[in-house]
Structures are given as C-alpha cells and as structure tokens.
Amino acid sequence: AMRKAVVRQSDGFVVNVILIEDGANWPMPTGHELRDAEGASPGDTWNGVKYVKPVPVVVKPQSGRRLR
C-alpha cells in the first residue's frame with residue numbers, strides 16, 4: 001500500500017492521509033487530488049513544492065478580568 005495525501009485543489013489543504021493500493025479504483029472526491037504523502041499530515045498545506053505545517057494560534061488571556 002502507498003501513503004497518499006488527499007489534497008483540496010482550490011487551496012492545497014491536506015484533508016486526509018490514506019493508505020491505498022497501487023491501481024485501486026477509489027472514487028476521488030470532486031476537487032481533490034492524491035499526492036505522495038512524504039511529510040504530510042491532515043491540516044497541512046501543499047504549496048506546490050512541499051507540505052507546510054499550520055502555524056499555531058496563541059491566545060493570550062485578557063488582563064484585569066477574573067473568572068468566577
């Protein structure tokens with residue numbers, strides 16, 4: 001089986017990473033493509049050259065407010 005990334009063509013978003021047999025008759029979701037998944041994880045973005053990990057968002061607590 002081969003490890004492939006299911007990539008949304010509109011923005012390169014990696015929807016999933018799957019194992020698939022060579023020549024398998026798998027119904028590709030519309031608007032998606034399979035790419036070699038070397039280094040890919042769901043949530044990454046394919047930029048046309050490599051997979052890019054998402055940048056984590058840091059949320060700072062509001063100062064001066066206390067939770068009860």
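The dialogue below walks through a predicted model, feature by feature.

User: I would like to begin with the sheet, so in what order do its three strands lie, and is the pairing parallel or antiparallel?

Analyst: In this predicted model, the three strands form an open sheet in the order S2-S1-S3, and their pairing is antiparallel. The edge strands are S2, covering 14-20, and S3, covering 32-36, each of which pairs on one side only. Neighbouring strands of this sheet are turned against each other by 30 degrees on average, with direction ignored.

User: What joins S1 and S3?

Analyst: S1 and S3 pair over five bridges, in the antiparallel sense, and Lys-4 stands opposite Asp-36 in S3. Leaving out residues up to four places away in sequence, Lys-4 touches Asn-16, Val-17, Ile-18, Ile-20, Leu-34, Arg-35, Asp-36 and Ala-37. For Lys-4 and Ile-20, the separation is 16 residues in sequence and 7.2 Å in space, taken C-alpha to C-alpha.

User: Where is Asp-44 placed, and what does its side chain reach?

Analyst: Asp-44 has its place in the loop between S3 and strand S4, the latter covering 45-46. With a relative accessible area of 2%, Asp-44 is buried, and its side chain reaches the backbone nitrogen of Ser-41 at 2.8 Å. Not counting residues up to four places away in sequence, Asp-44 touches Gly-12, Phe-13, Val-14, Gly-39, Tyr-51, Val-52, Lys-53 and Pro-54.

User: Is Glu-38 buried or exposed?

Analyst: A residue counts as exposed over 50% relative accessible area, and Glu-38, at 67% relative accessibility, is therefore exposed. Glu-38 is found in the loop between S3 and S4, where it touches Arg-3 and Tyr-51, again not counting residues up to four places away in sequence. Glu-38 and Ala-5 are 33 residues apart in sequence, and their C-alpha atoms are 8.5 Å apart in space.

User: How should I read an aromatic pair, and how many are counted here?

Analyst: The general idea is that a pair of aromatic rings is described by the distance of the centres and the angle of the planes. In this structure the count comes to one aromatic pair. That pair is formed by Trp-46 and Tyr-51, with 4.8 Å from centre to centre and 55 degrees between the planes, and it is tilted. Trp-46 counts as buried at 18% relative accessibility, and Tyr-51 is buried as well, with a relative accessible area of 12%.

User: Which residues make up the largest nonpolar core?

Analyst: In soluble globular proteins, nonpolar side chains tend to be buried together. Here the largest nonpolar core has eight residues, namely Ala-5, Val-7, Val-14, Val-17, Ala-37, Ala-40, Trp-46 and Tyr-51. S1 and S2 each supply at least two residues of this core. Ala-37, one of the core residues, is in contact with Arg-3, Lys-4, Ala-5, Val-17 and Tyr-51, once its neighbours within four places in sequence are left aside.

Terms used. Residues are numbered from 1 along each chain as its sequence is written. This is a predicted model: local features need pLDDT of at least 70, side-chain atom pairs count only at pLDDT 80 or more; totals for chains, interfaces and linings use all residues. Side-chain values use heavy atoms; hydrogens and water are left out. Two strands pair if DSSP finds at least two bridges between them. Helices (H or I, at least four residues) and strands (E, at least two) are DSSP runs, numbered from the N terminus. Axes are lines fitted to C-alpha atoms, for helices over the stretch in contact, and angles run from 0 to 180 degrees between N-to-C directions. Rings of Phe, Tyr and Trp (its six-membered ring) pair if their centres lie within 6.5 Å; planes under 30 degrees apart count as stacked, over 60 as edge-to-face and the rest as tilted. Buried means under 20% relative accessible area, exposed over 50%, partly exposed in between (1.4 Å probe, protein chains only). A nonpolar core is a set of buried Ala, Val, Leu, Ile, Met, Phe, Trp, Tyr and Cys residues joined through side-chain atoms within 4.5 Å. Contact means heavy atoms within 4.5 Å. A polar contact is a pair of N or O atoms within 3.5 Å; within protein, one must be able to donate a hydrogen and the other to accept it, and residues adjacent in sequence count only if both atoms are side-chain atoms.
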